[in-house]
Amino acid sequence: MKELNELQKLEIKKSELLADLMATNTVMEELWRYHPDNPKKKDVTKEYNILKDIISDIEVELLELTK
């Protein structure tokens, strides 16, 4: 297998860091939806209950498909 040269190693590292930066930014944006300083913040309890309902609906659909 061919060894990577220094430029290739730097490009790989740069790509990894950019991916990490984008992922971190995505998490921060999601957290901002619930942050106390956000004047339009979402209610965590309400959102959690919506997700529970969605899970329940999906489980019902899956059960119907397996009948």
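Which side chain of opposite charge is nearest to glutamate 47, and how far away is it? Arginine 33 is the nearest, 4.2 Å away. Glutamate 47 is buried yet has no salt bridge. Buried means under 20% relative accessible area, exposed means over 50%, and partly exposed lies in between (1.4 Å probe, protein chains only). A salt bridge is a side-chain nitrogen of Lys or Arg within 4 Å of a carboxyl oxygen of Asp or Glu. For charge, Lys and Arg count as positive and Asp and Glu as negative, while His and the chain ends are not counted.

This is a predicted model, in which local features need pLDDT of at least 70, side-chain atom pairs count only at pLDDT 80 or more, and totals for chains, interfaces and linings use all residues. Residues are numbered from 1 along each chain as its sequence is written, and side-chain values use heavy atoms, with hydrogens and water left out.

**Overall form**

The protein has 2 helices and 0 strands. Both kinds of element are DSSP runs numbered from the N terminus: helices are H or I with at least four residues, strands are E with at least two. Helix 1 covers residues 6–32. Helix 2 covers residues 44–65.

The radius of gyration is 21 Å, whereas a compact globule of 67 residues would have one near 11 Å. That radius is taken over C-alpha atoms, and the globule rule is 2.2 Å times the number of residues to the power 0.38. The C-alpha trace spans about 55 × 45 × 10 Å along its principal axes. Of the 67 residues, 3% count as buried. The protein exposes about 6700 Å², and carbon and sulfur atoms supply 62% of this area. Accessible areas come from the Shrake-Rupley method with a 1.4 Å probe; for residues, only the protein chains shown count as cover.

**Separations along the chain**

Serine 15 lies in helix 1 and is partly exposed at 46% relative accessibility. Aspartate 20 is also placed in helix 1, and its 48% makes it partly exposed. Isoleucine 50 sits in helix 2.

| Pair | Apart in sequence | C-alpha to C-alpha |
|---|---|---|
| Serine 15 and histidine 35 | 20 residues | 30 Å |
| Aspartate 20 and lysine 42 | 22 residues | 26 Å |
| Isoleucine 50 and lysine 40 | 10 residues | 18 Å |

**Charged pairs**

Side chains of opposite charge can pair when their charged atoms come close. The whole structure holds 2 salt bridges.

One joins lysine 9 and glutamate 6, at 3.6 Å from N to O. These two residues are 3 apart in helix 1, so about one helical turn separates them. Lysine 9 is partly exposed at 39% relative accessibility. Glutamate 6 is exposed at 56%.

The other joins arginine 33 and glutamate 30, at 2.7 Å from N to O. Arginine 33 is partly exposed, with 29% relative accessibility. Glutamate 30 is partly exposed too, with 38%.

Arginine 33 thus links back to the opening case. Glutamate 47 is placed in helix 2. Leaving out residues up to four places away in sequence, glutamate 47 touches Arg33, Tyr34 and Lys42. Contact here means heavy atoms within 4.5 Å. Even so, glutamate 47 has no salt bridge.

**A nonpolar patch**

Which residues form a nonpolar patch on the surface? They are Ile50, Leu51, Ile54, Ile58, Leu62 and Leu65, with about 580 Å² of accessible area together. Patches are made of residues with over 30% relative accessible area and no salt bridge; like charges are joined within 9 Å, and nonpolar side chains (Val, Leu, Ile, Met, Phe, Trp, Tyr) within 5 Å. Isoleucine 50 has a relative accessible area of 35%, so this residue counts as partly exposed.
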